[in-house]
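Take the model below one piece at a time.

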Amino acid sequence: MTTSVFDNIDALKKELLRCMKCGNCMAACPIYNIEKKESSVARGKIALGEIALSSEDIKIDDETLVKLLFNCLVCKSCMMACPSQVRFDRIILGLRAAIAKKKGIPFVKKAIFGMLKNPELFDKGMKAFAVMQGLFLKEQQEKRRTPKGFMKTLGKRFDENFVIPELSKESFRDKVSEVITVKYSKCKALFFTGCSVNYLFPEVGEDLIYVLQKNNVSIVTPKRQNCCGMPVMVHGDIDTARELARKNIDVFEQSDCDYIITVCGSCGSALKTEYPIILEGDSNYEEKAKKWAEKTYDISTFLLKVINFEPPKGKLNLKVTYHDSCHLKKSMKVFAEPREIIKKIPGVTLLEMKKPDACCGSGGSYHLTHPETSLKIASSKAEDIKSTTAQAVCTGCPACMMELFESLHRANAQCDVIHTISLLSKSYKEEEKGNV
Amino acid sequence: MIDSTFINKCKNIFGAENVLTDKAELITYSYDATPGIPREIPGVVVFPENTKQIQELIFLARQTKTPIYPRGAGTCLSGGPVPLSKGVVVSFQKMNKILEIDADNLTATVQPGVIISDLNAAVSKFGLIYPPDPGSMATATVGGSVAENSGGLRGLKYGVTKHYIMGMEVVMPTGEIFRFGGKTVKNVTAYDFTNLFVGSEGTLGIITEIICKLIPAPKYRKAMIAFFEKLEDAGKTVTDIVRAHVIPATLEIMDKVTIQTVENYAKVGLPTDVEALLLIEVDGMGKDSVEWEAEKCIEVIGKNNGKYKIAETDAERDALWAARRAALPALAQVKPSTILEDATVPRTKIVDMLISIQNIAKKYNLLIGTFGHAGDGNLHPTILIDPTNKDEMERLHKAVDEIFESALSLGGTLSGEHGIGIAKLKYLKNEIGRSGVETMRRIKQALDPDNILNPGKLVPMED
């Protein structure tokens, strides 16, 4: 794998060279839009990379430089605006990998990432935390929790307005049968749940299973599937990301499935876009990664383009707006399909918000590590949603759901957050009740 | 020079949160969008929030003879904001308020950090536009574009930045705050300072407030694309359209290299066997007049052996524009780096200039795609290069020298819209002569006796 940007400085430098410094990325970058500093945006980070990799002026492990290179949501918005098609996703991950190589991974991160590699241990940890969540988070109405005690001292994010969905004590994969075979099976799909659905939004998983069964698709939900690796990849821990990717590919290989379905923009993007990149040059896995990338679909694309799903007839009477998850739109290029599905649901009106594809401010752990910027991005998203007067905001990514859940709460908005698949499932259920 | 005392004083003036001193932060202010020019890391970066702070900075800089480099969004294509002698970079990103939109006087008063497209979005609510539309308008600031006198795609019909600036507030290099111009269409009081400061590239004063002229947004438009087998026919179409008394809002040209590259990359359905294409858009307030203008254009295209497609719907218009928008991205795909020039000639010399660029490309064995604003003679020869290839870089520099030489010999100019800055400083004398350079020096010395404002740009202080 000597030719990849993660292992070879010259390959990384070559990627940097494509940037003309035109500055078009500034119009697209959510962080720049708040902070107004050159270092916030892709162009600035590329300039830092150029100097750190090819001169003695500054070192790649310089304290400020590291801080600046981690001030990126990896939302890929800049790539949509770039006239030279600079592959900034590779660049930022490559630079972070170079930092990790020089500096090592900080102890706390290493401990967490180490746990991710071991699904049993990770699962035990998440469940233990679910049992203990009362120690850190006090219960609120409707399965929400908000910080208490020392949690509040952990940073700006954890004030009394912070809310998070209650962690489920029983994970989704514990509850669901590993193999569900339908009578007139059109095909067999592997459900890659992702961690957020598994522990935080099991109902999204349940809705997906329900919708697929309705549409005569057999489903395999392997218990041994791992974290997709995106959270460690963005921290530059490329070794762990590769290990997770290989383990997941092994699970796919054993599954005997025709397709992989995701309900999370980030997981889908990992499987479809990132695995082939990080496994480039891996003689055992490169081809397999490419093969499974082609078979990976976001649920909305799968329903519309792969199986030509049966539109629901149940009437909902709901005004919704749709938020484009960055990884779903900018990485998986899925934005038309969810809207098409929403429009097919009887009684649902889709009201577009001002900038539906503006980042929600989450960026995975970014919202914890950079609360001030993230909160400002999130609040402008919440205002855009509010001004549509929609009763619910739909999206295709649990990470966005979490962020929207919190930012709408902070903005005092009477607006639910719902995954597109759950909206669809609701309509099917109304249909069963005869409410058409 | 910049030491800890200087930085502490900056923190007192601007507040610690508006002063950057870490090396990594400073590195990101060492460049603009200009390829192939020197970079330098500034001593400190400050973000003013009001005019008073800038005045205090000027007093401080005068005492210590510290150079000041104003910066908008850093999308400049001639090196304007690059801090050549270290010093202080003044970023206007936080002075970005639209102070007033006066729809009845057709003006907007703005702070320099307002983004051009944000200004347009704000005035569109009144059915108005601010016409200057440089390619970077989604990022570039009004202040930066005033300092550089930027152009854009609509130059032929609507003019450039200088035609839309009615007055300003400037902090002079000696520290006085000076306001001139205003909301009146007519104003002949004193020298025409507006025209002195527009395009002064930050060398004569720091612009802190700008009164912009607005116009009603055209209600109708019609776009078409025309293909030509001979470059001469395309060139003649450009002049014949104007001769027919039609002034299109857009009259863009793309040469064969650009067309082929665009088609290869974006697959927008362009014929690859033609020598040139023109993208033409006419607009106006009356449906009939726009139709009449479009018909005239079609007549001219036909007479000059061109084939055309006309856009009947917005979607078709977008499809035509997609080809033009893809020009730079497509060219940028071919090689790791692109050098975009903006040599400009009188409209009637477009063909001569295109041919001369093709010859230069051949002579130096370089790949040059040319596109640009044919209607106003402003071409963008785009040279595709690999900066790590030393031999190619040498040939590039020679080719650029020759491109400027031929633009001047055709009665043109070194720069239509990018500015002189550092990038074209060495060519300046070739266009304005010794007396021109001397005049510029005298103006610079009279207004900025300490040479602290953006030194090393636009005005060659030594021979």
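Contact here means heavy atoms within 4.5 Å. Helices (H or I, at least four residues) and strands (E, at least two) are DSSP runs, numbered from the N terminus. This is a predicted model, where local features need pLDDT of at least 70, side-chain atom pairs count only at pLDDT 80 or more, and totals for chains, interfaces and linings use all residues. Residues are numbered from 1 along each chain as its sequence is written, chains are lettered from A and ligands numbered from 1 in the order in which they are written, and side-chain values use heavy atoms, with hydrogens and water left out.

Begin in chain B with helix H13, residues 350-363. H13(B) has 14 residues and reaches 20 Å from its first C-alpha to its last. That is close to the 20 Å expected at 1.5 Å a residue (the expected span is 1.5 Å times one less than the number of residues). Its buried residues include B:Ile350, B:Val351, B:Met353 and B:Leu354. Buried means under 20% relative accessible area, exposed over 50%, and partly exposed in between (1.4 Å probe, protein chains only). Among the elements that cover the buried residues of H13(B) are helix H8 (231-243), strand E13 (250-255) and helix H14 (390-409) of chain B. After H13(B) comes B:Asn365, with a positive phi near 50 degrees.

Now move to H8(B). This helix has 13 residues and spans 19 Å from first C-alpha to last, close to the 18 Å expected. Of the 13 residues, 10 are buried, so H8(B) is largely enclosed by the rest of the structure. B:Asp233 and B:Asp240 are among the buried ones. Their cover includes strand E12 (220-228), helix H10 (287-303) and H13 of chain B. Just after H8(B), B:His245 has a positive phi of about 65 degrees.

A:Cys19 is buried, at 15% relative accessible area. A:Cys415 is in no disulfide either; the sulfur of A:Cys394 is nearest, at 9.8 Å. A:Cys415 is also buried, at 14%.

Finish at the surface of chain A. Here A:Val108 lies in helix H8 (residues 107-117) of chain A. A:Val108 is exposed, with a relative accessible area of 57%.

Notes: A disulfide is a pair of cysteine sulfur atoms within 2.5 Å.
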